[in-house]
Amino acid sequence: MRRLAGLYVRVVDAVNYRIGRIMMYGIFVMMGILLWSSISKTFFLPSLWTLEIAQFAMVAYYIMGGPYAVQLGANVRMDLFYHNWSVRKKAWFDAFTVLLLIFYLGILLYGGLGSTAYSLGYWGQEPLSYFAGLLTGSEEIGRLERSSTAWRPYIWPIKAVMIVGFFLMLLQAISELIKDIATLREVDLHVV
């Protein structure tokens, strides 16, 4: 079991590390989009797509970079008491809060699936069966949701990115829980 847990932690951490390192450069993508927006508004006709695509890029940057931030411990935390605690007490507290995070991410993931199903033209109440139906061919994509702006882009791509990000964050939270449990049991997951 320890070998499987160690493998899970290594694989999830490696995947989220690589994605996080790629997403770090998303800030330059957003800067480029907003720079073009400023230039086009000043010297040319303003582009309709720049503000909305910058928002989409920001969502992707934030959601896909989140698991990397959790992995590095770069998330914001109240350190008033935490920094004085022993390693074991920190692991107990982290394990408890990660369980709350896993619950929250499960709700976000289910809601994201429902929202993405809606953006693909599904108006029912069972998004999981809808996606299963898409895979088996018993369901079809309906009328695709579009933004209400003048540019009117489709919404499903960014919602799909959000689902992937929530899923990766859930996997990373489980990895963090395994690491906390290993700390509490004084087990080294790196020795396999």
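In the predicted model, R152 is partly exposed, with a relative accessible area of 37%. R152 is placed in the loop between helix 5 and helix 6, and its phi is near 60°, a positive value in a residue other than glycine. I155 also has its place in the loop between helix 5 and helix 6. With a relative accessibility of 13%, I155 counts as buried, the cut-off for that class being under 20%.

Helix 6 comprises residues 156-185. At 1.5 Å a residue, its 30 residues should span 44 Å, and the separation of 43 Å between its end C-alpha atoms agrees with this expectation. Just after helix 6, E186 adopts a positive phi of about 55°. E186, which belongs to the segment after helix 6, is likewise a residue other than glycine. Its relative accessibility of 68% places E186 in the exposed class, for which the threshold is over 50%. Between I155 and D188, the C-alpha to C-alpha distance is 44 Å, for a sequence separation of 33 residues.

The packing of helix 6 against helix 4 was examined next. The axis of helix 4 (residues 87-119) comes within 8 Å of the axis of helix 6, and the two cross at roughly 160°. Because angles over 145 degrees count as roughly antiparallel, helix 4 and helix 6 are assigned to that class. Their crossing is left-handed. By residue class, the contact of helix 4 with helix 6 contains 23 nonpolar residues, together with five polar and five charged ones.

Side chains of opposite charge can pair when their charged atoms come close. In this model, the count of salt bridges comes to three. One of them joins D13 to K179, with the closest N and O atoms 2.9 Å apart. D13 is located in helix 1 (residues 2-23) and K179 in helix 6, so this pair ties together parts that are 166 residues apart in sequence. The two partners fall into separate accessibility classes: D13 is buried, at a relative accessible area of 15%, whereas K179 is partly exposed, at 23%.

K179 also forms a salt bridge with E176, again with a closest N to O separation of 2.9 Å. K179 and E176 are three residues apart in helix 6, and about one helical turn therefore separates them. E176 has a relative accessibility of 14% and so counts as buried. Through shared partners, the salt bridges join D13, E176 and K179 into one network.

A further salt bridge links K159 and E145, whose closest N and O atoms are 3.0 Å apart. K159 lies in helix 6, while E145 lies in the loop between helix 5 (127-136) and helix 6; the pair therefore ties together parts that are 14 residues apart in sequence. K159 counts as buried, at 15% relative accessibility, and E145 counts as partly exposed, at 24%.

Terms used: Residues are numbered from 1 along each chain as its sequence is written. This is a predicted model: local features need pLDDT of at least 70, side-chain atom pairs count only at pLDDT 80 or more; totals for chains, interfaces and linings use all residues. Side-chain values use heavy atoms; hydrogens and water are left out. Axes are lines fitted to C-alpha atoms, for helices over the stretch in contact, and angles run from 0 to 180 degrees between N-to-C directions. Helices (H or I, at least four residues) and strands (E, at least two) are DSSP runs, numbered from the N terminus. Angles under 35 degrees count as roughly parallel, over 145 as roughly antiparallel, 65 to 115 as roughly perpendicular and the rest as oblique. A crossing is left-handed if the near helix is turned anticlockwise from the far one by less than a right angle, and right-handed if clockwise. Ala, Val, Leu, Ile, Met, Phe, Trp, Tyr, Cys and Pro count as nonpolar, Asp, Glu, Lys and Arg as charged, and the others, Gly among them, as polar. A salt bridge is a side-chain nitrogen of Lys or Arg within 4 Å of a carboxyl oxygen of Asp or Glu. Buried means under 20% relative accessible area, exposed over 50%, partly exposed in between (1.4 Å probe, protein chains only). The expected span of a helix is 1.5 Å times one less than its number of residues.
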